[in-house]
Amino acid sequence: MDQQEMKRTVEKIIGESAVGTMATVKQNKPHSRYMTFIRNDLKLITATSLETHKAEEIKANPYTHILLGYEGEGFGDQYVEYEGKAVINSTADLKNELWNSYMEHWFHGPDDPNYILLEITPVRIRIMNKTGAEPKLLEF
């Protein structure tokens, strides 16, 4: 599988899998939680509150590990291990673009100062668990 084919496979997996686990580092230990992601090419974006632990953790150490794609159907389900570097984005344009009514559970609107976005740029992505295949690695 060449790099372009791997990229297409990764795009398909992360494009079809909005929910995954995101790990950050908290007091030198991994800390994971489920998050909802939006894909922009191979960049991932997720909404959160400025007042969360993950925002503090990303400020202290911007590296994250995300799992996306495993659907629990059994051995052989493809998924990706996504290693990336996150930055906090609070620009009004992007916040307005990604705002949806579901976010009203946590925020007062797209202008809420606690509503921020984490933009994660890939460092390395592994395609995992395809029956009979070794993991495939995309590095950036």
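Is L44 buried or exposed? With a relative accessibility of 0%, L44 counts as buried, where buried means under 20% relative accessible area, exposed over 50% and partly exposed in between, computed with a 1.4 Å probe on protein chains only. The structure is a predicted model, in which local features need pLDDT of at least 70 and side-chain atom pairs count only at pLDDT 80 or more, while totals for chains, interfaces and linings use all residues. Residues are numbered from 1 along each chain as its sequence is written, and side-chain values use heavy atoms, with hydrogens and water left out.

L44 belongs to strand β4. Here strands (E, at least two residues) and helices (H or I, at least four) are DSSP runs, numbered from the N terminus. Leaving out residues up to four places away in sequence, L44 touches I14, F37, I38, R39, I66, L68, Y82, L118, E119 and I120; a contact means heavy atoms within 4.5 Å. One of these residues, I66, is 22 residues from L44 in sequence, and their C-alpha atoms are 9.7 Å apart in space.

Strand β4 (43–49) is also among the elements against which the buried residues of helix α2 pack, together with β1, β2, β6 (79–89) and β7 (115–128). Helix α2 covers residues 53–60, and its buried residues are K54, A55, E57 and I58. Viewed down the axis of α2, these buried residues fall within an arc of 165 degrees, so they line one face of the helix; the arc is that of the directions from the helix axis to the C-beta atoms. On the other side of α2, K59 and A60 are exposed.

A18 lies in the loop between α1 (3–16) and β1. With a relative accessible area of 38%, A18 is partly exposed. Apart from its neighbours within four places in sequence, A18 is in contact with M35, T36, F37 and L68.

Most residues other than glycine have a negative phi. Q27, however, has a positive phi near 50 degrees, and N28 has a positive phi of about 65 degrees although it is not a glycine. Q27 counts as exposed because its relative accessibility is 74%, and N28 counts as exposed at 76%.

Strand β7 contains V123. This residue counts as partly exposed, at 31% relative accessibility. Not counting residues up to four places away in sequence, V123 touches Y63, E83, G84, K85, L138, E139 and F140. V123 and Y79 are 44 residues apart in sequence, and their C-alpha atoms are 17 Å apart.

The aromatic residues form a further topic. A pair of aromatic rings is described by the distance of the centres and the angle of the planes. Rings of Phe, Tyr and Trp (its six-membered ring) pair if their centres lie within 6.5 Å; planes under 30 degrees apart count as stacked, over 60 as edge-to-face and the rest as tilted. The structure holds three aromatic pairs. In one of them, the rings of W99 and Y115 have their centres 5.3 Å apart and their planes at 70 degrees, so the pair is edge-to-face. This pair links distant parts of the chain, since W99 is in the loop between α3 (92–98) and β7, whereas Y115 is in strand β7, 16 residues apart. Both W99 and Y115 are buried. The rings of Y102 and W106 have their centres 5.1 Å apart and their planes at 70 degrees, so this pair is edge-to-face. Y102 counts as exposed at 52% relative accessibility, and W106 counts as exposed at 55%. W99, F107 and Y115 form one aromatic cluster.

Y102 and W106 also belong to the lining of the largest pocket. This lining has 19 residues, of which T36, T46, A47, Y102 and W106 lie nearest the centre of the pocket. The largest share of the lining, five residues, comes from β4, and β2 and β4 each supply at least two residues.

Notes:
1 Å grid on protein atoms, 1.4 Å probe; cavity = no way out; pocket = protein on both sides within 12 Å on 5 of 7 lines; lining within 4 Å.
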